[in-house]
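Open the model in your viewer and keep the selection panel at hand. The tour starts with the whole chain and then moves to single elements and residues.

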Amino acid sequence: MTIIFVPYHLDERLPDHDFPLPEGHAVRTVTEQLPDGDVWSRLGHLYEPVARQVAHCVQGGETPTVVSGDCTVSLGTMAGLQQAGVDAGIVWFDAHGDVQTLETTASGYVGGMPLRILVGYRPELISQRLGLRPLAEDRALLVDARDLDLPEADYLATSAVRRCGVDDLDEAMLPTGPLLLHLDLDVIDAAELPDLRFPVPGGPTAAGVVAAARRVLATGRVAAVDLACTWYPGRPDPDGVRAGLLAALTA
């Protein structure tokens with residue numbers, strides 16, 4: 001397996017050592033000198049090589065795992081799958097909905113928008129640059145999402161995006177065809193995974209998330225994996241929780 005390592009939170013370069021990548025895998029690191037401009041231009045510049053790396057791996061018969069510090073890199077991953085001719089649905093593990101828009105967000109945080117962008121929101125922001133085609137809403141499965149802002153809840157109540165809990169996930173719930181498996185590790189209960197940027201209590205255990213991810217992988221339909229390591233940089237991991245989690249999810 002090849003790990004495509006993108007050590008960024010949005011357009012912020014993070015220290016490599018904040019990502020305890022497991023040994024024994026080929027690693028391709030994507031770093032870029034980002035241009036001046038707005039965040040969408042900078043992210044587009046970063047995700048173009050991510051898409052190329054994903055496409056190269058998939059065309060070579062591999063199932064790449066993209067490891068980064070946020071969820072927006074999924075735009076590059078999905079664009080790469082499409083470049084390789086793979087029409088993938090998505091299984092999105094997250095404590096949050098990630099279906100905000102520029103018009104609804106109170107914080108302005110673009111990391112809360114990638115799933116909405118994937119299903120067709122404002123392609124001029126970044127999708128057109130990446131050649132990213134919109135995904136039909138009913139080919140997206142949102143897993144957990146226990147912390148929704150009101151605009152997100154309103155959108156999901158009327159959209160065709162499907163939802164389920166981590167422990168309830170089984171093969172019958174999955175979108176048809178190939179899959180992009182996306183895991184924001186903040187889906188895990190905040191008491192078990194410390195120092196998250198956006199911690200949410202009351203979530204599933206790490207063991208439960210790993211087991212659910214393996215049920216998806218066991219279908220043999222996963223074309224690529226995204227791991228969003230959404231913890232603050234520079235925080236110690238004395239018990240090796242993060243390292244153990246990444247090892248389990250890339251085994």
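Seven helices and 10 strands make up the secondary structure of the protein. Helices (H or I, at least four residues) and strands (E, at least two) are DSSP runs, numbered from the N terminus. The radius of gyration is 16 Å, close to the 18 Å that the globule rule gives for 251 residues, so the protein is as compact as a globular protein of that length. That radius is taken over C-alpha atoms, and the rule is 2.2 Å times the number of residues to the power 0.38.

This is a predicted model: local features need pLDDT of at least 70, side-chain atom pairs count only at pLDDT 80 or more, and totals for chains, interfaces and linings use all residues. Residues are numbered from 1 along each chain as its sequence is written, and side-chain values use heavy atoms, with hydrogens and water left out.

**Whole chain.** Of the 251 residues, 55% are buried (under 20% relative accessible area, 1.4 Å probe, protein chains only). Contact means heavy atoms within 4.5 Å. Among contacts with a separation of 6 or more, 71% join residues 24 or more positions apart.

**Select 39–59.** This is helix α1, with 21 residues. From first C-alpha to last it reaches 30 Å, close to the 30 Å expected (1.5 Å times one less than its number of residues). Where does α1 bend? Go to Y47: the bend there is about 25°, and P49 follows within four residues. The angle is between axes fitted to the seven residues ending there and the seven starting there. After α1 comes G61, with a positive phi near 85°.

**Select S74.** It lies in helix α2 (residues 74–83). S74 is buried, at 0% relative accessible area. A polar atom of its side chain lies 2.7 Å from the backbone oxygen of C71. Leaving aside neighbours within four places in sequence, S74 contacts W92, P114, L118, L180, H182 and D226.

**Select Q100.** Look in the loop between β6 (89–96) and α3 (114–118). Is Q100 buried or exposed? Q100 is buried, with a relative accessible area of 6%. Beyond four places in sequence, the residues that Q100 touches include R116, D149 and E152.

**Select 241–249.** This is helix α7, whose buried residues are R242, L245, L246 and L249. They cover an arc of only 95° around the axis, which puts them on the same side of α7. The arc is that of the directions from the helix axis to the C-beta atoms. Finish by showing their partners: β9 (179–184), α6 (206–217) and β10 (222–228).

Methods. Buried means under 20% relative accessible area, exposed over 50%, partly exposed in between (1.4 Å probe, protein chains only). A polar contact is a pair of N or O atoms within 3.5 Å; within protein, one must be able to donate a hydrogen and the other to accept it, and residues adjacent in sequence count only if both atoms are side-chain atoms.
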